[in-house]
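Subject: Model for you to look at

Hello,

Here is the structure I said I would pass on. My notes on it follow below.

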Amino acid sequence: AEEYLAYGEAIAPYVADTSLLTWQAIRDDKTVVFEGAQGVLLDIDHGTYPFVTSSSPTAGGVLTGVGLGPKDIDSVLGIAKAYISRVGSGPFPTELDDEIGDRMIEVGGEFGTVTGRRRRCGWLDAVALRYSVRVSGITEIALMKLDVLSGFDPIRIATAYRAGDEEHTEFPRQQGVLYECEPVYEDHEGWTEDITAVRSFDDLPAAAQSYVRRVEELAGVPVTMVSVGPDRAATFEVSS
């Protein structure tokens, strides 16, 4: 008990009413950034239940988690990979259970940071991306790990799901559709260049720029940042 009381004394100066603290900062025109964890499809209400977490990773989770109102959120930056990955079980229409998927996993380092658990990978799913934009109120996207797609040709994007005689361009609420559907792909020209040293959008290969712009169109919101590697300088703004 004495040991842990000492921890409490050390931590005490950093404990505050965070709802009040952030509310006051916003009223004082200070910049406040809230960082979420996990992904929209792991949201307990709007994700692919039961393959979800126990909280609300959507932007709406900020309001209930911190204790603020909707008008206090000015913009929502959605973080998306240039392809898609998932940990563990659950529906995954664009999963690549082949050498292409294996290459994405290896090049992208798609292993759990703590557990080392291998992730599942596949082509970018624009249906799921649009859904995430909608339910989380995303206003702009940071498209990460674009460099992992170097050397793939063509590069594919799923624009819809086909289940029986039906084609779904919006994310279906019935999970059975996700398990039975086939993704409808559009193919894009790939690039062979190593882009990890690129530090501006205009210096990316034309095919890579075209891919980013197409993601914008399909998502319905602008891609304002791109990353081509883990270094801080490897994430840069996208010219409008």
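Are Tyr161 and Phe171 buried or exposed? Both Tyr161 and Phe171 are buried. Please keep in mind that this is a predicted model.

Aromatic residues

The model has 5 aromatic pairs. In one of them, the ring centres of Tyr161 and Phe171 are 6.5 Å apart and the ring planes stand at 65 degrees; edge-to-face pairs have planes over 60 degrees apart, so this pair is edge-to-face. It links distant parts of the chain, the two residues being 10 residues apart. Tyr161 belongs to strand S6 (residues 155-163), while Phe171 is in the loop between strand S7 (166-168) and helix H6 (175-180). Ring pairs also bring in Tyr131, giving a cluster of Tyr131, Tyr161 and Phe171. Elsewhere, Arg103 lies over the face of Phe152, 4.3 Å from the ring centre.

The sheet

There is an open sheet of 4 strands with mixed pairing, in the order S1-S5-S9-S10. Its edge strands, each pairing on one side only, are S1 (77-81) and S10 (235-237). From one strand to the next the twist averages 25 degrees.

Strand S5 (140-144) runs parallel to S9, and 3 bridges join the two. Within this pairing, Ile141 stands opposite Val223 in S9. On the other pairing, S9 (residues 223-227) and S10 run antiparallel, again with 3 bridges. Here Val226 is opposite Phe236, and Met225 is opposite Glu237.

Helix H7 (residues 206-219) packs on the sheet and touches both S5 and S9. The direction of H7 makes about 135 degrees with that of S9.

Ser227

Ser227 is in strand S9. Its relative accessible area is 3%, and buried means under 20%, so Ser227 counts as buried. Beyond its neighbours within four places in sequence, Ser227 contacts Leu143, Met144, Lys145, Leu146 and Asp147, and also Ala234 and Thr235.

Nonpolar cores

As background, nonpolar side chains tend to be buried together in soluble globular proteins. In this model the largest nonpolar core has 42 residues. The members touching the most other members are Ile141, Leu146, Leu149, Trp191, Leu204, Tyr211 and Val226. Two or more residues each come from helix H4 (99-108), helix H5 (126-136), S5, S6, H7 and S9. H7 gives the most, with 7 residues.

Leu149 can be followed through its contacts. Not counting residues up to four places away in sequence, Leu149 touches Ala82, Tyr83, Met104, Trp123, Ile155, Trp191 and Tyr211. Trp191 and Tyr211 are themselves among the core members that touch the most others.

Regards

Definitions and conventions
Residues numbered from 1 in each chain as written. Predicted model: local features only at pLDDT ≥ 70, side-chain atom pairs only at ≥ 80, totals over all residues. Heavy atoms only, no water. Pairing = 2+ DSSP bridges. Axes fitted to C-alpha atoms, helices over the stretch in contact; angles between N-to-C directions. Contact = heavy atoms within 4.5 Å. Phe/Tyr/Trp six-rings, centres within 6.5 Å; stacked < 30°, edge-to-face > 60°. Buried < 20%, exposed > 50% of the residue type's maximum accessible area, 1.4 Å probe, protein only. Lys NZ or Arg CZ within 6 Å of the ring centre and 35° of its normal. Core = buried A, V, L, I, M, F, W, Y, C linked by side-chain atoms within 4.5 Å.
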